[in-house]
Amino acid sequence: MAAAMSIPVRQLFIDGDWRVPVRNNRISVINPATEQIIGDIPAATSEDVDIAVEAARKALARNKGKDWASATGAHRAKYLRAIAAKITERKTELAKLESLDSGKPLEEAAWDIDDVAACFEYNADLAEALDGKQKSPVALPMETFKCYTLKEPIGVVGLITPWNYPMLMATWKVAPALAAGCAAILKPSELASLTCLELGEVCKDVGLPAGILNIVTGLGSEAGAPLASHPNVDKIAFTGSTATGSKIMTAAAQQVKPVTLELGGKSPIIVFEDVDLDKAAEWTAFGCFWTNGQICSATSRLLVHENIAGKFLDRLVKWIRNIKISDPLEEGCRLGPVVSGGQYEKVMQFISTAKKEGATILSGGERPKHLEKGYFIEPTIISDVTTSMQIWREEVFGPVLCVKTFKTEDEAIELANDTRYGLGGAVISNDLERCERVTMALQSGIVWINCSQPCFCQAPWGGKKRSGFGRELGEWGLDNYLSVKQVTQYISDEPWGWYQSPSKL
């Protein structure tokens, strides 16, 4: 099935054109469902990053900034809409590439590509609205002055993105950066870069000015690190692991460079005793097993009221045993492989450590019997978990849910907040006042009530604690790439009169 599609052979996308990496290295692309090599991508190093940063700098300065940075938001919006239209036109092929590259079910990949187009459209709207927000007046207590603010692009930005939603996570950064008038260097994950390279082709097709978006694929150590520490990059936005986020923040600190970090999570889902068991079970499954469990905001710690725990877990096991695990291109697939051999080993290690520490594998925990090849792991539920266990404390980034019971609302909240992370949290209950109390008490950037994981590009996204800081999406996402300039003018005809005038001596 996979062989039917030829993988485009691309180079780095720099200064509006395809460019062979200086050292001419390439990285193999492995289809995680078959473990076969299906193509390769260019591997950039610091030399290529230098060329890309230089191209972005030149692009912003071109024609004194009139081409992009200081053009109207409406002018930039035209390009964003053209990109959205082109992506929609190529949806079928992009979704298939995403699925082959990352292992996500084809129907999920298609949904991602729709979201990509919608995110470019939404940021085109924001770019247009930005024009009306320029010269926004600030009221002052003195009539002799007037004041207003300007919102200006922050400059050249480095965007480092993960492999779980390759094109969508890139778009969460690229679309607002371009809407704001920045020039960007995108460094996608080496584990899934195919669709991000196609974004280069889309930019060429729509005539995006050269150097405004540059795409350098490669290893984190060889391409990501030199981008994060580059003296001519004005900001870094990163989505990925907390460990890498910390390194990026350290590199940026040397030049007092701002960063936005969207990092890991170990988010709770709290199920109270008054729920519809089936509805709650489906949301619990979706919250942890969608995208093959590889979601930073996965609600991977289930807290269930002790009065319904037995019944609820029985229902949940029935739901997850019904999930279709197959090659992601197969119709109706709902769980594909994890992204790579390395991730497969890591997730399996988490499961075996949980067993060693005394937890019970209630369901799953193995490779599915019917799939001999591919990095497939059954959706796994782990019970008899204590709060000191690794499975409770650390992010797995795979289809693994751990479970604890609680007696009281206060205990549920205490367990929910017992984590270094703070990205998401979900509460399932028919008592809406209780939902509201729990919402207020959860230490997270996002709370879902009677659902888990829905995400809209109009609403802010980001975390607290070690899940990072800054907000993406919505108007907050645009503000990430804007710098505010205060302009104050003296409007009186009278001299200032602080010093004694020499002409009056």
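Modeller: Definition to start: a salt bridge is a side-chain nitrogen of Lys or Arg within 4 Å of a carboxyl oxygen of Asp or Glu. This is a predicted model: local features need pLDDT of at least 70, side-chain atom pairs count only at pLDDT 80 or more, and totals for chains, interfaces and linings use all residues. Residues are numbered from 1 along each chain as its sequence is written, and side-chain values use heavy atoms, with hydrogens and water left out.

Colleague: Which residues are linked in a network of salt bridges?

Modeller: Arg-10, Arg-90, Glu-93, Glu-198 and Glu-201.

Colleague: And how many salt bridges does the rule count?

Modeller: The count comes to 28.

Colleague: Why can side chains pair like that?

Modeller: Opposite charges can pair when the charged atoms come close.

Colleague: Take Lys-91. What does it form a salt bridge with?

Modeller: With Asp-114; the closest N and O atoms are 3.1 Å apart. Lys-91 sits in helix 3 (residues 91-102) and Asp-114 in helix 4 (residues 106-133), so the pair ties together parts that are 23 residues apart in sequence. Helices here are DSSP runs of H or I with at least four residues, strands are runs of E with at least two, and both are numbered from the N terminus.

Colleague: What about Lys-104 and Asp-112, buried or exposed?

Modeller: Buried means under 20% relative accessible area, exposed over 50%, partly exposed in between (1.4 Å probe, protein chains only). Lys-104 is buried at 1%, and Asp-112 is buried at 3%. Their side chains meet in a salt bridge, 2.6 Å from N to O.

Colleague: Where do Lys-407 and Glu-306 lie?

Modeller: Lys-407 is in the loop between strand 16 (400-406) and helix 13 (409-416), and Glu-306 is in the loop between strand 13 (301-305) and helix 10 (309-321). They are 101 residues apart. Their closest N and O atoms are 3.8 Å apart, in a salt bridge. Lys-407 is exposed at 55%, while Glu-306 is partly exposed at 36%.

Colleague: New topic. What is the strand order in the open sheet of 3 strands?

Modeller: The order is 5-6-20, with antiparallel pairing. Strand 5 (136-138) and strand 20 (482-490) are the edge strands, and each pairs on one side only. Two strands pair if DSSP finds at least two bridges between them.

Colleague: How many bridges join strand 5 and strand 6?

Modeller: They pair over 3 bridges. Val-138 stands opposite Cys-147 in strand 6.
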